[in-house]
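Work through the exercises below with the sequence and the 3D structure in view. Each task is followed by a solution in steps.

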Amino acid sequence: MQILIFLIMNIIVPPSTSLQIDFGKEKDGQDWRIVDDGVMGGLSKGYLDFTENTVTFKGSVSLENNGGFTSFRSPYQSFDLSAYEKIIIRLKAEGQQLAFTMSTDRRWYLPYFKKQIEVKNNEWEVIELPLNEFKAYRVGQNLGYPLDKENAAKVIRMGFITDSKKASS
C-alpha cells in the first residue's frame, strides 16, 4: 500500500512572495483529485483522506491492462509560475517512487513537465524542487528539454504521480 502525507506545498521566489497550497479539511487542497491509469484501461486505484492539517494519498498500482500509475492532481486553473524559482513540499512517504508534474495543456498526449522526488521512507522531510530541473515528457518518455519561463507561465495543472511502473498492493 502506498501512503503519502502532504502538509504544505509552497511555490517560492523570494521568501516574501509565495503561492501556498495547504492540504487538510476545508483548506486549499480540497479540490485536488485522484487520476488513475483507469482513464486508459489500467486497474490502479488511488484514495484520499483529509485530516485537519494533511491529506493522505494512498492506493495500489497495478500493471494489468497496461496500467502503472495513480496520481493526485489540482483542478485545471491558471498557475503563472514564470517568476518563481522552486517548489517546496513537506511530506512523508512510504512505498512507490514519486514525481511532481505540471501540465500546460489539457490534452494528455502533449508534453508535460516532471521532476522526480527523492523521498526517505516514512520520515517527514522538506523537499525543494527547482523549476529549472523539471524536464518535458510525453506519455512517460523524457523529451530532454527543461521547463522554461514561457512554459512556466502556462501551467494549468500540478500534481503528484507514482510513475515507476512497479506494482504495489
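## Exercise 1: A charged pair

Glu-133 and Lys-115 form a salt bridge, and their closest N and O atoms are 3.2 Å apart. The model is a predicted one.

Task: State where Glu-133 and Lys-115 lie in the chain, and decide whether each is buried, partly exposed or exposed.

Solution.
1. Glu-133 sits in the loop between β10 and β11 (135–138), while Lys-115 belongs to strand β9.
2. The two are 18 residues apart, and the pair links distant parts of the chain.
3. Buried means under 20% relative accessible area, and exposed means over 50%.
4. Lys-115 has a relative accessible area of 19%, so Lys-115 is buried.
5. Glu-133 has 40% relative accessibility, so Glu-133 counts as partly exposed.

## Exercise 2: Further salt bridges

Task: Say how many salt bridges the structure holds, and describe the pairs Glu-128 with Lys-86 and Arg-107 with Asp-105.

Solution.
1. The structure holds four salt bridges.
2. As background, side chains of opposite charge can pair when their charged atoms come close.
3. In the salt bridge between Glu-128 and Lys-86, the closest N and O atoms are 3.2 Å apart.
4. Glu-128 is in strand β10 (residues 125–130) and Lys-86 is in strand β7 (residues 86–94), so this pair ties together parts that are 42 residues apart in sequence.
5. Both partners count as partly exposed: Glu-128 at 46% relative accessibility, and Lys-86 at 24%.
6. Arg-107 and Asp-105 meet through their side chains in a salt bridge with an N to O distance of 2.9 Å.
7. Arg-107, at 43% relative accessibility, counts as partly exposed, and Asp-105, at 23%, is partly exposed too.

## Exercise 3: The surroundings of Tyr-145

Task: Locate Tyr-145 and list its contacts, leaving aside neighbours within four places in sequence.

Solution.
1. Tyr-145 is part of strand β12 (residues 141–146).
2. Its relative accessibility is 36%, which puts Tyr-145 in the partly exposed class.
3. With those neighbours left aside, Tyr-145 is in contact with Pro-111, Phe-113, Phe-134, Lys-135 and Ala-136.
4. For one of these, Phe-134, the C-alpha atom is 8.5 Å from that of Tyr-145, and the two residues are 11 apart along the chain.

## Exercise 4: The largest pocket

Task: Give the volume of the largest pocket and describe its lining.

Solution.
1. The volume of the largest pocket is about 750 Å³.
2. Its lining consists of 29 residues, and Met-40, Phe-69, Arg-73, Tyr-112 and Ile-161 lie nearest the centre.
3. Two or more lining residues come from each of β8 (98–103), β9 (112–117) and β13 (157–161).
4. β13 gives the most, with four residues.
5. Sorted by class, the lining has 13 nonpolar, seven polar and nine charged residues.

## Exercise 5: The whole chain

Task: Describe the protein chain by its elements, its buried share, its contacts and its surface.

Solution.
1. The chain has one helix and 13 strands.
2. Along the sequence, the pattern is β-β-β-β-β-β-β-β-β-β-β-β-α-β.
3. Of the 169 residues, 46% are buried.
4. Among contacts with a separation of 6 or more, 69% are between residues 24 or more positions apart.
5. The accessible surface comes to about 8,700 Å², and carbon and sulfur atoms account for 48% of that surface.

Terms used. Residues numbered from 1 in each chain as written. Predicted model: local features only at pLDDT ≥ 70, side-chain atom pairs only at ≥ 80, totals over all residues. Heavy atoms only, no water. Buried < 20%, exposed > 50% of the residue type's maximum accessible area, 1.4 Å probe, protein only. Contact = heavy atoms within 4.5 Å. Areas by Shrake-Rupley, 256 points an atom, 1.4 Å probe, with all protein chains shown as cover. 1 Å grid on protein atoms, 1.4 Å probe; cavity = no way out; pocket = protein on both sides within 12 Å on 5 of 7 lines; lining within 4 Å. Points joined across faces, edges and corners; volume = space filled by probe spheres on them. Nonpolar A, V, L, I, M, F, W, Y, C, P; charged D, E, K, R; others polar.
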